[in-house]
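Here are my notes on the model, point by point. Please read them alongside the coordinates.

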Amino acid sequence: MPSKISNPDFREALKSPDIRLWISSVGFFTLGSRALAVVIGFQIYKITHSALCLGWLGLIEAVPALALVSIGGYVADHFSRRKVLLITRASSCVCAAALAALSMQSYTHSLLGLYSVVFAAGIARGFADPANTAFEAQVVPKTITINAASWISSAWVGCSVIGPAVIGFAYAAWGAIGSYLLITGFFIVSWASTLAIGPKPQVMPQQKEPLLKSISMGWRFVLSHQPLWGAMLLDLIAVLFGGVIALLPIYATDILHVGAQGLGLLNAATSFGALSVMLYATKHPPIAKAGRNLLFTVAGFGISVLIFGFSKNFLLSLAALALSGVFDGISMVIRRSMVRLLSPDDMRGRISAVSWMFICSSNELGAFESGMVAAWIGAIPCVAVGGAITLAVVGLTACLAPQLRGLRFDPQTMERVH
């Protein structure tokens, strides 16, 4: 499905010092945030021995992030995105250091403090996510959007794998305090990389509308552009109903009987699949027939989920998860590029905020949905229904969203082909 362009240089984006710095910023921030999720979850479970407390942990971060992301989009369009990122990256450093300090206290008295810091991190995330997407468009020239998106997404996925793995050894050696200090170091490098990029020209809205009206403009733009809402809806449905990550412990223990080591491999399979195809996409960008490719990849994701759902063979399950990662990786590159290429400069923050609301909702609610439905009808039927719903939505979207289905870009100019 990826389309080959004439004489592509897969290292083109890496020739820019600013893009290399941006990849460093994204990579180290991902290392820190993914490692932080592992440590805080393990620490809270060690304190409470309660699965419900782990559920509250995700909700406490998600609520402020989702509540504030629309305001964060407004801020990203009306103020310096670079400054917003520097402030939120610095907040992450402070939060990680605060967690290290709290870990010096007795477990009983530190629980409320841990939750409070996670809530503060969720507030920062509500402003950081839209600014992050919008500032990336200022750093990356339009003509190399796909190549850069592939490298940046590869860094994100790769660090999503490395961060949790590294922090596990760090926790065993240095405990929670040392782990949080290492995470603080990751965040500091991310902040310094962002600072080193330097200010970039930013198109500001010519008129400053009232806050609510300005926020609604982002939603109206997305809803009036079929390719954007179609792509966001596809991703929302695929992750909400087709995501299986939350159910992997059940598969590893009760269905595949592979234990903790097998569970680790199952978790890694999706990310490795995504990483491999993202690196491939640096040389073969799937943008010429973006809409068609997006529909095919989401359909492929649904089929992979169905194979995994019914598989009782460990190797087949690994292959199915890796394949789902391949399809999701192509989808991620296309969707990331579409938001960049179809968004006006002065509205990019607000449009990115809408995109992030879809992403956050699908991830958090998807895990909740998987657990509830699996408890009701069982893990295998839950995954099977999710895969079937994903395929049905792809077919429905292909019929009802012809503009998305026919979306094309010129690989040379990155302009939309009508």
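1. Helices (H or I, at least four residues) are DSSP runs, numbered from the N terminus. Axes are lines fitted to C-alpha atoms over the stretch in contact, and angles run from 0 to 180 degrees between N-to-C directions.

2. This is a predicted model: local features need pLDDT of at least 70, side-chain atom pairs count only at pLDDT 80 or more, and totals for chains, interfaces and linings use all residues. Numbering starts from 1 along each chain as its sequence is written, and side-chain values use heavy atoms, with hydrogens and water left out.

3. Helix α3 spans residues 81–102 and helix α5 residues 145–197. Their axes come within 8 Å and cross at roughly 170°. That makes α3 roughly antiparallel to α5 (angles over 145 degrees count as such). The crossing is left-handed: the near helix is turned anticlockwise from the far one by less than a right angle.

4. Contact means heavy atoms within 4.5 Å. On the α3 side, the contact residues include L85, L86 and C93. Those of α5 include F187, I188 and W191. The residues of this contact divide into 16 nonpolar, four polar and two charged (nonpolar is Ala, Val, Leu, Ile, Met, Phe, Trp, Tyr, Cys and Pro; charged is Asp, Glu, Lys and Arg; the others, Gly among them, are polar).

5. S193 also lies in α5. S193 is buried at 7% relative accessibility (buried means under 20% relative accessible area, exposed over 50%, with a 1.4 Å probe and protein chains only). Leaving out residues up to four places away in sequence, S193 touches L21, S24 and S25.

6. What about disulfides (cysteine sulfur atoms within 2.5 Å)? The whole structure has zero. For C95, the nearest cysteine sulfur is that of C93, 9.4 Å away. C95 is buried at 12%, whereas C399 is exposed at 63%.

Notes:
Helix = DSSP H or I, 4+ residues; strand = E, 2+ residues; numbered from the N terminus. Parallel < 35°, antiparallel > 145°, perpendicular 65-115°, else oblique. Disulfide = S-S within 2.5 Å.
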